[in-house]
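Me: I want to go through this model and ask, term by term, what each word rests on. Please set each value against its definition.

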There are 4 protein chains.
Amino acid sequence: MEPSAPTHQAFFDFLTELYTHRLPFNRVLGLAVASLSADMARLTFDMQPDLIGNPVQQTLHGGVISAVLDATGGLTATAGMADRLGAIPAERLAEAVARVGTIDLRIDYLRPGRGRTFTATGRVMRAGKRVAVTRMELHNAEAVLIAVGTGTYMVGT
Amino acid sequence: MEPSAPTHQAFFDFLTELYTHRLPFNRVLGLAVASLSADMARLTFDMQPDLIGNPVQQTLHGGVISAVLDATGGLTATAGMADRLGAIPAERLAEAVARVGTIDLRIDYLRPGRGRTFTATGRVMRAGKRVAVTRMELHNAEAVLIAVGTGTYMVGT
Amino acid sequence: MEPSAPTHQAFFDFLTELYTHRLPFNRVLGLAVASLSADMARLTFDMQPDLIGNPVQQTLHGGVISAVLDATGGLTATAGMADRLGAIPAERLAEAVARVGTIDLRIDYLRPGRGRTFTATGRVMRAGKRVAVTRMELHNAEAVLIAVGTGTYMVGT
Amino acid sequence: MEPSAPTHQAFFDFLTELYTHRLPFNRVLGLAVASLSADMARLTFDMQPDLIGNPVQQTLHGGVISAVLDATGGLTATAGMADRLGAIPAERLAEAVARVGTIDLRIDYLRPGRGRTFTATGRVMRAGKRVAVTRMELHNAEAVLIAVGTGTYMVGT
């Protein structure tokens, strides 16, 4: 028997609910958590008229891309704290998670943000006690790589 | 008499109208152009419930900050093309401006995004023929420096 | 028969010779090109007393790491121009290659730079006509990932 | 009477000696600390044949620029810890200072690195308990701005 797995699943479920439904700006972006583990996060969202930055080309606003990749990196870094946060009672989780913050973010815009649905993936590069580093990618449904990013997050507890 | 100033003013007016009213995601952010010249741009926006990322602390979403600073850098870089674009007829300006794109962006989150109104300022560091580099800052109304950023933009015509 | 392959090999040989023997600061770093193709570069170097930044821990200077990863990204981006530069006569190659320049660079320092030999790998993320983006990694001989980086390079001809 | 000032001066003198004479790779770069305080550092170095990256244009290697700006940011961040480290006995300072490390670094290369002498300046943007953020600039003797950078440093004690 491995008692920690169910605990971690509750932690991941909490984060999925939080990122999909509770963070106001994530709702503006239409983000939904598609999968989540201690070293990887995947989120999806659909094109909407509100998310357009370039009305001539009908492509995603660069700020939507940076916002999605920041959220993806933050979720990835938080999920990477499962061993430390997985056993915290639900009523105190929101407060613990709210202490995670982005230190800095770099986004590289590789190709225009065209498509109907998009998938953002984050992976942990370094999971330190105080600082986590993640790399993120954004693809459209045709698997075109639209942007990559790197984020550094404060994860001290 | 200096004939280029009025032409440039029409160009800056076009960009002010475009960034404040025509770009859908800029409207979501509530961005308004406060001042604009060939080497500097200033935008303002107000806190709104939709822009919150941290419901515990009631602070701006990190993605709002990156989106605002990307828009600020892009406007700064585009305004920096006034000598090349200032004389283009209005009906072709939208297309010319739509070719400006972010290559990459770095955001440093220095302090929590607290406040009622915010001001983003962009300055040109390098105005090349093909690539422009800008630095951006975000302050709240109490002059607290919330975030800084650096952006690289494709400005070839 | 595929005539371009030998031409490209001569181009890669030229770059290998240039990066290993002709660039003074690369010699200070002790860089040697281990393999090179149109979408990947691999360089190696050995620990030397001169490359130490932290005398207490006997680890690589952060600036050595950034310098190696910049050189790796630059070589990767240049090799990615093989289709355009592969047919240029040898006597004009040095000048063409000298026009490639770093626009910007991000380095993430993940773990201390410990080891006797190190391998830096670069991969092309975007090979545009004017701008190329590469991602780089630095490992030691025990396959520990010491640092990652992203570089943007001017590759217009 | 202000007793802390002399203590801090001893701390700044220690750092000046360390960065100018004790760090092997800083000696390769020829770095000398010109001035140092709790919120600013200034270093100088001279062009040398070993520091050339582009033999056609006789300009600084991009890796020299990144290395110098990383060293400048690290010194700036360390000097910013004067209130915490200024009173540590000299024999334990080296160990305390060795724990400062770069988390990540961004360099923007604005203009070719031409000149005989160069000055790098670092300023503290954020001096947190665990993480410090600095911005750096590199000028030549003609006051041409060659590069700017931003660094994030681990400064927990």
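Me: Which residue of E2(C) does Ser35(C) stand opposite?
Reply: Ser35(C) stands opposite Arg42(C) in E2(C). This is a predicted model, in which local features need pLDDT of at least 70 and side-chain atom pairs count only at pLDDT 80 or more, while totals for chains, interfaces and linings use all residues. Residues are numbered from 1 along each chain as its sequence is written, and chains are lettered from A and ligands numbered from 1 in the order in which they are written.

Me: What makes E1 and E2 of chain C a pair of strands?
Reply: Strands (E, at least two residues) and helices (H or I, at least four) are DSSP runs, numbered from the N terminus. Two strands pair if DSSP finds at least two bridges between them. Strand E1 (residues 32–36) and strand E2 (residues 40–46) of chain C run antiparallel and are joined by four bridges, so by that definition they pair. A hairpin leads from E1(C) to E2(C) through three residues.

Me: How do you know which strands E6(B) pairs with?
Reply: Strand E6 (residues 117–127) of chain B is joined to strand E2 (residues 40–46) of chain B by seven bridges, and the two run antiparallel. Within E6(B), Thr119(B) is the bridge partner of Thr44(B). E6(B) also pairs in the antiparallel sense with strand E7 (residues 131–140) of chain B, over nine bridges. There, Phe118(B) has Asn140(B) in E7(B) as its bridge partner. E6(B) and E7(B) form a hairpin, with three residues between them.

Me: Why is H3(C) called largely enclosed?
Reply: A residue is buried if 20 or more other C-beta atoms lie within 10 Å of its own, exposed if 12 or fewer, and partly exposed in between, with C-beta atoms placed from the backbone. In H3(C), 18 of the 18 residues are buried, so the helix is largely enclosed by the rest of the structure.

Me: How do you know that the span of H3(C) agrees with its number of residues?
Reply: The expected span of a helix is 1.5 Å times one less than its number of residues. For the 18 residues of helix H3 (residues 62–79) of chain C that gives 26 Å, and the end C-alpha atoms are 26 Å apart, which agrees.

Me: What elements does chain A have, and in which pattern?
Reply: Chain A has five helices and eight strands. Along the sequence they follow the pattern α-α-β-β-β-β-α-α-α-β-β-β-β.

Me: Why is chain A called as compact as a globular protein of that length?
Reply: The radius of gyration is taken over C-alpha atoms, and the globule rule is 2.2 Å times the number of residues to the power 0.38. For 157 residues the rule gives 15 Å, and chain A has 16 Å, which is close, so chain A is as compact as a globular protein of that length. Its C-alpha atoms fill a box of roughly 55 × 30 × 25 Å along the principal axes. Of the 157 residues of chain A, 50% count as buried.

Me: What share of the contacts in chain A comes from residues 24 or more positions apart?
Reply: Two residues are in contact if their C-beta atoms, placed from the backbone, lie within 7 Å. Among contacts in chain A with a separation of 6 or more, residues 24 or more positions apart account for 64%.

Me: How many residues of chain B are in contact with chain A, and of which classes?
Reply: The contact involves 36 residues of chain B and 36 residues of chain A. The chain B side has 19 nonpolar, 10 polar and seven charged residues. Here Ala, Val, Leu, Ile, Met, Phe, Trp, Tyr, Cys and Pro count as nonpolar, Asp, Glu, Lys and Arg as charged, and the others, Gly among them, as polar.
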